[in-house]
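Thanks for coming. I will walk through one model, starting with its disulfides and then moving on to a helix, a sheet and a few backbone details.

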Amino acid sequence: MPRLRSPITIAVAAGLAGTASLIGFSANPASAETVTVPLHTMVADLPVADEQRDGYDRDLFKHWIDEDGDGCNTRYEVLIEEAVTAPTVDDDCKLTGGEWYSYFDDKTVDSPSGIGIDHFIPLAEAWDSGAHSWTDDKRRDFANDLGDERALVGVTTSSNSSKGDRDPAEWMPPNPDATCRYVTEWVAVKTRWGLTVDDTEKAALTDLAGDCPNEDITVDVVDGASTPPGDSCAAVNATAVDIPDTKIATSVVTVSDCSGNASATSTVTVEITHPDRGDVSVWLYAPDGTHYVLKPAGGSGADLRAEYEVDLSDETAVGDWTLSVKDYSYGESGSLDSWSIQL
């Protein structure tokens, strides 16, 4: 989802011809591959690793650069593009007038000084999640990424300061209507740059995304980033199925575009809505009928949002995979809202 240069930016560039030249970097990093997968699958695909903060220095991410030499650095390029009312732009890229909408806190600001450009994945968080091993050039490209409109966003300076370098397990926008957009954009940018998540962050994203539409997300993965698994060896069933009181509900997904066996670290993500006193077991049936107990009965409590890692390396990936959910408690029925399998 690349940013498109606004007419205002183009006009400024025309007025500043010859003021600077390109010196071998790009705010639109080359893409290795474009992937499109449902939100819940993209969350499940995020690689988990411990964070590494040692050695972090904000200056290791060079910003803001004037990549195209038009006199407007990355910060101003974003301000110009995201203005809901266009500002006047003079020859040295000074902005006058204009209005900006901050979706973090549902506020409109009428001065560029009241808007901060948020690195959606904070620089410190990026360092923790893999950027510590990048080259200086790659960190510079990350800090000035105009190739995806989700990477840099204009928000009020107060909300930008409140967020700091915290991940979604620690901070979410105060605007409740922003939750699903925020989670989707966090997952998309982490995927774009091949960044990892820690256990707590993964759990928070899984829980938050469980309450969001399981819509497809398209990401241009940056060249050199580890490409997440595509959907060829994954399947999702997002059609809700009732879990009758004290009975069994089943749901099937069909995998057709894989080859060979499934992985020893296959993942099954399950989303179940059930009353507080609900008690369910969750079983997975392979295409050949072999079953795997993902969750035994007991201790279910209320809604279940869970990811299970299971060794399916003895199973051929292609075929119909069946999830079976049994309700063990008398009272009320529940619902298997959706489930996915990554093989």
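Predicted model: local features only at pLDDT ≥ 70, side-chain atom pairs only at ≥ 80, totals over all residues.

A disulfide here is a pair of cysteine sulfur atoms within 2.5 Å. In general terms, it is a covalent bond between the sulfur atoms of two cysteines.

One of the two joins C72 to C93, with an S to S distance of 2.0 Å. C72 sits in the loop between α2 (39–45) and α3, while C93 sits in the loop between β3 (88–89) and β4 (95–96). The two cysteines are 21 residues apart, so the bond links distant parts of the chain. Its torsion about the S-S bond is about 110°, and therefore this disulfide is right-handed. Both C72 and C93 are buried; for C93 the relative accessible area is 3%.

C93 has another feature. Most residues other than glycine have a negative phi, and most peptide bonds are trans. C93 is not a glycine, yet its phi is positive, about 65°.

Next, the bond between C180 and C212, where the S to S distance is 2.2 Å. Is it left-handed or right-handed? The torsion about the S-S bond of C180 and C212 is about -95°, so it is left-handed. C180 belongs to helix α7, and C212 to the loop between α8 (199–209) and β9 (216–222), 32 residues apart. C212, at 6%, is buried.

That brings us to helix α7, which covers residues 179–192. At 1.5 Å a residue, its 14 residues should span 20 Å, and the end C-alpha atoms are 20 Å apart, which agrees. How many of its residues are buried? The count is 10 of the 14, so α7 is largely enclosed by the rest of the structure. Among the buried ones are Y182, W186 and R192. After the helix comes G194, with a positive phi near 65°.

Now the sheet. It is open, with 3 strands in the order β2-β5-β6 and antiparallel pairing. β2 (83–85) and β6 (107–109) are at the edges with a single partner strand each, so one side of each has no neighbour in the sheet. On average, neighbouring strands are turned by 40° against each other, direction ignored. β5, residues 99–102, pairs with β6 over 3 bridges. S102 stands opposite K107 of β6. Helix α3, residues 74–82, lies across β2 and β5 and runs at about 40° to β2.

In the loop between β5 and β6 we find D106. Its phi is positive too, near 55°, and D106 is not a glycine. D106 is partly exposed, with a relative accessible area of 48%.

There is also a cis peptide bond, between H63 and W64, with omega about -5°. W64 lies in the loop between α2 and α3, and C72 is in that loop as well.

Last, a residue in strand β17, which spans residues 319–327: S324. Is S324 buried or exposed? Its relative accessible area is 10%, so it counts as buried. Leaving aside residues up to four places away in sequence, S324 touches I248, A249, T250, S281, V282, W283 and Y285.

That is where I will stop.

How values were computed: Residues numbered from 1 in each chain as written. Heavy atoms only, no water. Helix = DSSP H or I, 4+ residues; strand = E, 2+ residues; numbered from the N terminus. Buried < 20%, exposed > 50% of the residue type's maximum accessible area, 1.4 Å probe, protein only. Contact = heavy atoms within 4.5 Å. Pairing = 2+ DSSP bridges. Axes fitted to C-alpha atoms, helices over the stretch in contact; angles between N-to-C directions. Expected span 1.5 Å × (residues − 1).
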